[in-house]
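Hello,

Here is the structure you are taking over. Please look through it first; my notes on what was found follow below.

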Amino acid sequence: MTCNHVLGLIDAGPFADYPPAHFDAAWQHARQCPTCGRALKMATAFTADLAALPEPTPPSDVAAVVLARIAEIEHVDPAPIAGVSPKRLAPSRGPHWPMWPSLGGLAAGLVVVLLGYGTPVNIMPFSAGWMSPGLAGMPAAPTEVLVLAAGIGLYVAGLFIPLSGKQRSANG
Amino acid sequence: VTPSDGDVIREVRRGARDAFGQLVQTYQARLFGLVLMLVREPTGAEEVTQDTFVRAYTHLDAYDDRRPFYPWLASIAVRLAQNWLRRHGRTARREGTSLESEPEPGTSATALDVLVADEGRQRLWRVVAALSSGERTAVMLYYRDEMAVSDIARALGVTTGTIKTLLFRARRHLRERLGASTISHEDMSA
């Protein structure tokens with residue numbers, strides 16, 4: 001048993017993995033060797049002292065400062081429950097795109113189609129290339145044309161409003 | 001009856017922000033001691049301690065309440081302390097210097113001594129403070145905070161083998177440095 005080996009065992013502390021007989025031999029060596037004996041005594045002492053290292057006194061207002069900072073954060077970005085982002089807490093309000101313009105447009109188109117049903121208008125009375133002459137159900141009265149135009153407008157608005165909203169939030 | 005950490009955390013999660021103050025009161029001294037040992041500068045330690053609690057509050061949903069609260073808190077503190085050291089230029093090259101060398105910039109031995117009243121403990125405190133960053137973190141978490149090696153490894157994001165090696169080196173350095181300082185003290189007395 002050499003001093004180097006015994007000092008290694010002392011430094012390994014609780015993580016040295018040897019049979020008990022090996023430790024007995026090492027501590028026997030330490031009892032007879034001034035260097036290793038001193039090292040073992042010192043290691044035992046500082047191990048106990050490390051466990052009892054004092055807790056330095058922190059500034060008295062840590063809790064108050066921390067709570068004030070948390071309140072400030074929540075004032076800017078209110079989160080009713082700690083650690084959960086407000087976005088995750090917010091109840092779902094349904095689809096993000098405004099459905100009503102699109103649905104209105106579709107409804108208007110449907111009304112026009114139903115009104116014009118049965119009164120076909122010949123829109124292509126001649127043959128042009130691969131297109132053959134035919135009949136299509138198209139609005140005949142100016143009112144129907146206006147309603148259809150308004151419906152298409154609403155439908156298109158419904159499609160594009162969400163896109164412009166996203167762009168604004170991305171820029172902001 | 002003092003409510004357990006789990007009870008307090010459930011209360012905080014239900015929206016009682018002020019209940020978090022109880023956790024701060026419970027752990028502030030222990031955490032401040034750890035952070036002070038890591039950054040070795042009282043003002044920096046105060047800043048990192050506050051940041052740790054604020055970060056813990058805002059990330060409380062990431063805390064697994066089947067595990068003890070302090071190791072989780074300590075893992076946040078260690079990361080923030082490492083960031084603080086990087087920001088303030090305390091590189092690994094400068095750390096682990098001998099006790100005889102000049103203190104690192106911003107490290108005031110007097111300021112640390114004021115916080116640790118007992119003279120005998122001050123010496124040990126200084127010797128631990130002179131260890132490398134990894135060694136003193138491992139020493140504080142293992143010996144003072146009595147964390148399991150596996151918890152320390154998880155907190156630091158390394159293997160248990162690395163922690164054992166750090167503790168082995170730390171014990172060797174402590175033994176050598178405490179031995180040297182004892183010898184020089186005896187020499188001076190003689």
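**Cysteines, core and one loop**

A:Cys36 is buried, its relative accessible area being 0%. Keep in mind that this is a predicted model.

The sulfur of A:Cys36 has its closest cysteine sulfur in A:Cys3, 3.7 Å away, which is too far for a bond. For A:Cys3, the closest cysteine sulfur belongs to A:Cys33, at 3.6 Å, and that too is too far for a bond. A:Cys3 itself is partly exposed, with 30% relative accessibility. Over all chains, the search of the whole structure turned up 0 disulfides.

Next, the nonpolar core. The largest one holds 80 residues, and the members that touch the most others are A:Leu50, B:Phe20, B:Phe53 and B:Phe69. Leaving out residues up to four places away in sequence, B:Phe53 touches A:Val62 and A:Val66 in chain A. As a general point, nonpolar side chains in soluble globular proteins tend to be buried together.

Last, a loop residue in chain B. B:Leu131 sits in the loop between α6 (119-129) and α7 (133-144). Is B:Leu131 buried or exposed? B:Leu131 is buried, at a relative accessible area of 0%. B:His173 lies 42 residues from B:Leu131 in sequence, yet the C-alpha atoms of the two are 7.5 Å apart in space.

Regards

Key
Residues numbered from 1 in each chain as written. Chains lettered and ligands numbered in written order. Predicted model: local features only at pLDDT ≥ 70, side-chain atom pairs only at ≥ 80, totals over all residues. Heavy atoms only, no water. Core = buried A, V, L, I, M, F, W, Y, C linked by side-chain atoms within 4.5 Å. Buried < 20%, exposed > 50% of the residue type's maximum accessible area, 1.4 Å probe, protein only. Contact = heavy atoms within 4.5 Å. Helix = DSSP H or I, 4+ residues; strand = E, 2+ residues; numbered from the N terminus. Disulfide = S-S within 2.5 Å.
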